[in-house]
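Work through the exercises below with the structure open beside you. Try each task before reading its solution.

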Amino acid sequence: MNQLEQPGVPSTGGDQLSSTTPPSRPDFDQARHGGAGWSSLWDAFARGVRDNMAGEVVVQAVRIGGVIFLARALRPQDFGLLKVLTIVGMFGMLLAEAGLPEALIQRVDLRQEHEVTAWWSTLVLSFSLVAGLYFGAPWLASVMGMKGLVFGARLLCIPLLLQGIAICAHARLRRELRFGAIAVANALAEILFLTVALVLLFEGLPQWSLPAALGARLGVHALVVLVADARLPLGLPRLWAALDLARFAGTVLAGGFITTGSGNIDYLLVGRLLGSTTLGFYSIAWDLFRFIPDRLYRIAGLVAFPAFCKLQGNDPELARAYRTFVNYLGRVVLPVLGCVAIAAPELLESIYGPKWLPAAAPMRILAVGLALLGVRIAIGTVYYAKDYPSFDIYLHGVRFVLIVAAVGLTAPMGLVAICGAISIVEATVSIIGQYLVCLLVGMRLRELAAAVVPGLRITAACAAVTVLGKLAGATLNFHAPMVLVFVAAPPAIVFCWLQADEVLGMVRRASGRRWTGILDVAET
């Protein structure tokens, strides 16, 4: 479970867990046999996407408005501190989870003893984490050169403990594809984040508004998840159950450390070498580019893992499912990132204010690498579904080393040079990662590349009208925020026109109606 921004049916026995896997919907059990099973699995997948999308609409409506206001009221270094605290929380939860949620989701013959053992294990790890974070906060602040980390890190202790207690409940919700409850937790957490941040800001404590809001977000998310799945694991942990889970969970934990490290080491290095203000600019550049890919991962990527696990023994169907998913990503991620790169200065000034304009050049330089990163967000779900989580270790180990080298060598030349090096690293890692997926599912790389071609066509059309919109706005002497009408509306209209059939098909599928649209695209 990771609520740091910055991978069913109730039990009929009260709080007592079933002695086997919680009752699954029949269509899940049929999914491996093709035919109607394939259709049923995609129906369940679409329902999960629908629930996640509903939650994301609420979350982003709150977040976008809140970030716009907070970015204008707070300093870049405040956002730099928030990024470091977010990373601290991510590593903390990674230790507390120890790979056990993924092991519970992936396991076919899940029994009560596995869940009980996992719950006790995460409980012990969570208490150890909180104690280590509280007493280690001064050392952490000294290493990063940020005094505010001491209070901020200690502020996260109780929320992180609640997150640890809710780890297994969150895993059950994901395993049973009950993403509606998770969507509610995400929405309420974001509302409380903004509420706490605004209250402290208006009370004259701007420097603590974001750290306290982060703690509130984590705490309320954990509480809502615990209410949604209130089954109390009864019993004592079993050694044989721990050994059953240990191999997969251990590999996931190792991969998670390297994945999380490679995904965040650049932030830590930029903050340590160039300061929290530069880190704030770098974070904003990444956040604008990662906004759409991250939303897609939250909406569909989290559903993809349990759905792909149902197809783990059927390589042709898994290849088809992954190809379809990449086709979705390409049609959305590539056009959006292309337009954002072209209109970066106008977007930054209109959304965050002129003090954030230094992030425009880094954004444009990151564009190519992050576009390829955007269409690879589901590669880990295939590695885990095929019981090869070690691939994450190898891939992100290479990424970690390359990022450290890239940032270390280019830091003396400034943020722009760092972003150029990071873009090259992301492009290289993306190609390698997609090739490994093709090896696992018996698919040729050119077949996967063909699934991205429709997205490239849409990108070309949207980019062209974005350039024309920029020229029109400059000719008519429009400035922020009115210039957004020229740089955002034309590509949005073109995108909706080109994608109308696929969007309607997704809505029909999510509502249970027959759909034969984009599912067949990957086969052509």
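A charge sits over a ring if NZ of Lys or CZ of Arg is within 6 Å of the ring centre and within 35 degrees of the ring normal. Keep in mind that this is a predicted model.

**Exercise 1. Which ring does Lys 83 lie over, and which ring does Arg 154 sit over?**

Step 1. Lys 83 lies over the face of Tyr 267. The distance to the ring centre is 4.4 Å.

Step 2. Arg 154 has its charged end over the ring of Tyr 134. Here the distance from the centre is 4.4 Å.

**Exercise 2. Classify the ring pair of Phe 79 and Trp 356, then the pair of Phe 281 and Trp 356.**

Step 1. A pair of aromatic rings is described by the distance of the centres and the angle of the planes. Planes over 60 degrees apart count as edge-to-face.

Step 2. The centres of Phe 79 and Trp 356 are 5.7 Å apart, with the planes at 85°, so this pair is edge-to-face. Phe 79 belongs to helix H3 (residues 76-97), while Trp 356 is in the loop between helix H14 (344-351) and helix H15 (360-374). They are 277 residues apart.

Step 3. For Phe 281 and Trp 356, the centres are 5.7 Å apart and the planes are at 80°, so this pair is edge-to-face. Phe 281 is in helix H12, 75 residues from Trp 356.

Step 4. Ring pairs join Phe 79, Phe 281, Tyr 352 and Trp 356 in a cluster.

**Exercise 3. Are Phe 281 and Trp 356 buried or exposed?**

Step 1. Buried means under 20% relative accessible area.

Step 2. Phe 281 has a relative accessible area of 14%, so Phe 281 is buried.

Step 3. Trp 356 has 0% relative accessibility, so Trp 356 is buried.

**Exercise 4. How do helices H13 and H14 cross?**

Step 1. The axes of H13 (residues 315-342) and H14 come within 5 Å. They cross at roughly 80°.

Step 2. Angles of 65 to 115 degrees count as roughly perpendicular. Therefore H13 is roughly perpendicular to H14.

Step 3. Now find the meeting point. Val 340, Ala 341 and Ile 342 of H13 meet Ala 344, Pro 345, Glu 346 and Leu 347 of H14.

Technical notes: Residues are numbered from 1 along each chain as its sequence is written. This is a predicted model: local features need pLDDT of at least 70, side-chain atom pairs count only at pLDDT 80 or more; totals for chains, interfaces and linings use all residues. Side-chain values use heavy atoms; hydrogens and water are left out. Rings of Phe, Tyr and Trp (its six-membered ring) pair if their centres lie within 6.5 Å; planes under 30 degrees apart count as stacked, over 60 as edge-to-face and the rest as tilted. Helices (H or I, at least four residues) and strands (E, at least two) are DSSP runs, numbered from the N terminus. Buried means under 20% relative accessible area, exposed over 50%, partly exposed in between (1.4 Å probe, protein chains only). Axes are lines fitted to C-alpha atoms, for helices over the stretch in contact, and angles run from 0 to 180 degrees between N-to-C directions. Angles under 35 degrees count as roughly parallel, over 145 as roughly antiparallel, 65 to 115 as roughly perpendicular and the rest as oblique. Contact means heavy atoms within 4.5 Å.
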